[in-house]
Amino acid sequence: ILADSIQFQVQSDNSALHYNLSLAMVSANGYQILNPSFAGSLANNMLTADFKATDAKGKTKYLFAGNLKKENSNYRLSFIQDSMILNYQTWTMAPDNYLVFGSKTLYAHDVLLSNGNQSFKINSTGSQSENSPVEVALTDFDLSDLAHLIDSKRVPFGGVINGTVQLKNLQTAPGFTADLSIADFTFMADT
């Protein structure tokens, strides 16, 4: 792994601790991410964070933003609505999305990422308790949007995926059932 021009800044004021970690580039095995940064603040047991990566011209290519809060023995992660960009495209998050996780719990509520007819949804199918089953549903999801994250010059894989994955007993004896289809799949430019 090669990291170029690492900068780390920490500042505080009366309301929060603010941080920013930025690099000119991160690369590994021929893949690279340009201008990645991880920034946010910490206050009142809540961490706000955003991950951002731009292209060589400084245009935002990827942005993920969210809040992480301690709740009893668990953590609650929610993504900030209208703060998601994948491969230059703005995606929408469901407003009341969150993941609760801890040593005995993994629960997803309406974690829905969508752009036009594409969507990626994670939702628990039971109550917020230990071992609640989790369903991942993909609709017309273009894999190349994720592939561009690891390589901006070429697309190592692509295709459009549809279907569901059921995850069960994640805290005890993990298992899954999947019903997925991938149309027009490519890997390293081969079909």
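Start by selecting Q118 and D142: the side chain of Q118 reaches the backbone nitrogen of D142 at 2.8 Å. That is a polar contact, a pair of N or O atoms within 3.5 Å, where within protein one must be able to donate a hydrogen and the other to accept it, and residues adjacent in sequence count only if both atoms are side-chain atoms.

Before you go on, two notes on what you are looking at. This is a predicted model, in which local features need pLDDT of at least 70 and side-chain atom pairs count only at pLDDT 80 or more, while totals for chains, interfaces and linings use all residues. Residues are numbered from 1 along each chain as its sequence is written, and side-chain values use heavy atoms, with hydrogens and water left out.

**Stop 1: around Q118**

Keep Q118 selected and colour by secondary structure; Q118 lies in strand β14. Helices (H or I, at least four residues) and strands (E, at least two) are DSSP runs, numbered from the N terminus. Is Q118 buried or exposed? Q118 has a relative accessible area of 10%, so it is buried; buried means under 20%, exposed over 50% and partly exposed in between, with a 1.4 Å probe and protein chains only. Now show its contacts, meaning heavy atoms within 4.5 Å. Leaving aside neighbours within four places in sequence, they include Q89, W91, L113, F141 and D145.

**Stop 2: L113 and the core**

Move to L113, whose contacts beyond four places in sequence include M84, L86, W91, Q118 and F120. L113 also belongs to the largest nonpolar core, which has 18 residues; W91, V111, L113, I122 and F141 have the most contacts inside it. Such a core is a set of buried Ala, Val, Leu, Ile, Met, Phe, Trp, Tyr and Cys residues joined through side-chain atoms within 4.5 Å. At least two core residues come from each of β9, β10 (89–93), β13, β15 (134–142) and β16 (157–168). The largest share, 4 residues, is supplied by β15.

**Stop 3: the largest pocket**

Next, display the surface. The largest pocket has a volume of about 190 Å³. Select F64, M84, L86, L113 and F120, the closest to its centre of the 13 lining residues. Two or more lining residues come from each of β9 (74–86), β13 (111–115), β14 (118–124) and α1 (144–150).

A pocket here is found on a 1 Å grid over the protein atoms alone, as an open set of points where a 1.4 Å probe fits, with protein on both sides within 12 Å along at least five of seven lines; lining residues have an atom within 4 Å of a point.

**Stop 4**

Most residues other than glycine have a negative phi. Select D82 in strand β9: its phi is near 60 degrees, a positive value. D82 is exposed, with a relative accessible area of 56%. Then pick D140 in strand β15, where phi is also positive, about 50 degrees. D140 is partly exposed, at 29%.

**Stop 4: F185, then zoom out**

Finally, find F185 in strand β17 (residues 175–187). F185 is partly exposed, with a relative accessible area of 40%.

Conventions. Points joined across faces, edges and corners; volume = space filled by probe spheres on them.
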